Amino acid sequence: MPQDISDQEIIELFGKERTKEQGFNLLVKKYKQDIYFTIRRLVFNHEDANDISQNVLIKIWTHLDQYRGEAGLKTWITKVAVNETLTFLDRKKKVLNIIDEEGYNDYVTKVVAEDRFLSSDKIQQLLQEAIQQLPEKQRAVFTLRYYDEMPYEEMTKIFGGTEGGLKASYHFAVQKVEEFLSKH
Amino acid sequence: MENTEILQQVPKKNPFQVPENYFDDLENDVMAKVRQEQKVVKHRKIYTIAAAVAAVAVLVIVLNIGLFSTGNDTQNQNLAENAVNTDQKLLASANDNDITATYDPIVVIEESNLDNVDYQIIDYYDDEMSEDYLY
């Protein structure tokens, strides 16, 4: 099982030229789903999530030799995924020429309603719509804390800042989500 | 508690679906890209090494040409020195008759023959003398 492979083993295999590809393959097997869903929760759309996931994995291939082990390998991978996704979302907003919050919320409602890879559970659809209306970075903080229960200390290694700041960000995100759910 | 009552009532599940075999395809696609990238890197390394070898070969050839030319000059200088030494030996051993026989006779142009002198040759030498060879 790929989850049985230790991060240390992956890094050691990757660090040698003749086993580099083998090490990377093991990393992909172990983390591909985590990477994909971390991204999917932020972008919602499967096609976008697929594109970004591939880019993230290629970036990991290119830059894993720079990993110094200050954070766990999974945290480092998550950081790459989150940063790539936030960059993508920023670019997409400009491409879509969305200039106000109302315009963006209308866009989100449309996207959620039309998505063919989303559960038909209405409550889950509403929750996703609420999450998609959060500002991008706050959305990332919310999804990592809510779905992955990531400790705040670990989140500081992804977002920077302080644990207190991240707690506040999550608290405000929860308030917004609750407000949305109560209205719908 | 971080999450309020409303959020707590929503089951925490993964609502996202993916196409069939998606994750196998994702793995295969990424590994294929990585292998392709490795081929490109390998080819670049080969080209770089080949270019370096070619540059060194050109340098060696150029240097050899330079050395060959320098060698000839040395040879020619030796030949010239030998010729001078031979001439000096000949002169030392020669008498007046030998000298006039060995060297071209000096043509003396008498004044009466000046009309017949080739003035073109004289003009040429005058031009040569006036040119500024410094520029």
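Me: What makes the contact between α7(A) and α9(A), residue by residue?
Reply: From α7(A) come A:Gln138, A:Val141, A:Phe142 and A:Arg145, and they meet A:Leu166, A:Ser169, A:Tyr170, A:Phe172 and A:Ala173 of α9(A). Two residues are in contact if their C-beta atoms, placed from the backbone, lie within 7 Å. By class, the residues of this contact are six nonpolar, two polar and one charged (nonpolar: Ala, Val, Leu, Ile, Met, Phe, Trp, Tyr, Cys and Pro; charged: Asp, Glu, Lys and Arg; polar: the others, Gly among them). The model is a predicted one, in which local features need pLDDT of at least 70 and side-chain atom pairs count only at pLDDT 80 or more, while totals for chains, interfaces and linings use all residues. Residues are numbered from 1 along each chain as its sequence is written, and chains are lettered from A and ligands numbered from 1 in the order in which they are written.

Me: Why are α7(A) and α9(A) called roughly perpendicular?
Reply: Helix α7 (residues 136–146) of chain A and helix α9 (residues 163–183) of chain A pack at about 90 degrees, with axes 9 Å apart. Axes are lines fitted to C-alpha atoms, for helices over the stretch in contact, and angles run from 0 to 180 degrees between N-to-C directions. Angles under 35 degrees count as roughly parallel, over 145 as roughly antiparallel, 65 to 115 as roughly perpendicular and the rest as oblique. The pair α7(A) and α9(A) is therefore roughly perpendicular.

Me: What makes α1(A) and α2(A) roughly antiparallel?
Reply: The axes of helix α1 (residues 7–15) of chain A and helix α2 (residues 20–43) of chain A cross at roughly 150 degrees and come within 6 Å. The two helices α1(A) and α2(A) are therefore roughly antiparallel. Their crossing is left-handed (the near helix is turned anticlockwise from the far one by less than a right angle; clockwise would be right-handed). In this contact, A:Ile10, A:Leu13 and A:Phe14 of α1(A) face A:Lys20, A:Gln22, A:Gly23, A:Phe24, A:Leu26 and A:Leu27 of α2(A). The contact of α1(A) with α2(A) has six nonpolar, two polar and one charged residues.

Me: Why does A:Thr162 count as exposed?
Reply: A:Thr162 has 11 C-beta neighbours inside 10 Å and therefore counts as exposed. A residue is buried with 20 or more other C-beta atoms within 10 Å of its own, exposed with 12 or fewer, and partly exposed in between, C-beta atoms being placed from the backbone. A:Thr162 lies in the loop between α8 (152–159) and α9 of chain A. From A:Tyr152, A:Thr162 is 10 residues away in sequence and 8.5 Å away in space, C-alpha to C-alpha.

Me: How many helices and strands are there in chain A, and what share of its residues counts as buried?
Reply: Chain A has nine helices and zero strands (DSSP runs numbered from the N terminus, H or I of at least four residues for helices and E of at least two for strands). Of its 184 residues, 30% count as buried.

Me: Where in chain A is confidence lowest, and where highest?
Reply: Confidence is lowest in helix α5 (residues 101–114) of chain A, at a mean of 69, and highest in α7(A), at 97 (pLDDT, the predictor's confidence in each residue, runs from 0 to 100). Chain A has a mean pLDDT of 90, and 90% of its residues reach 70 or more.
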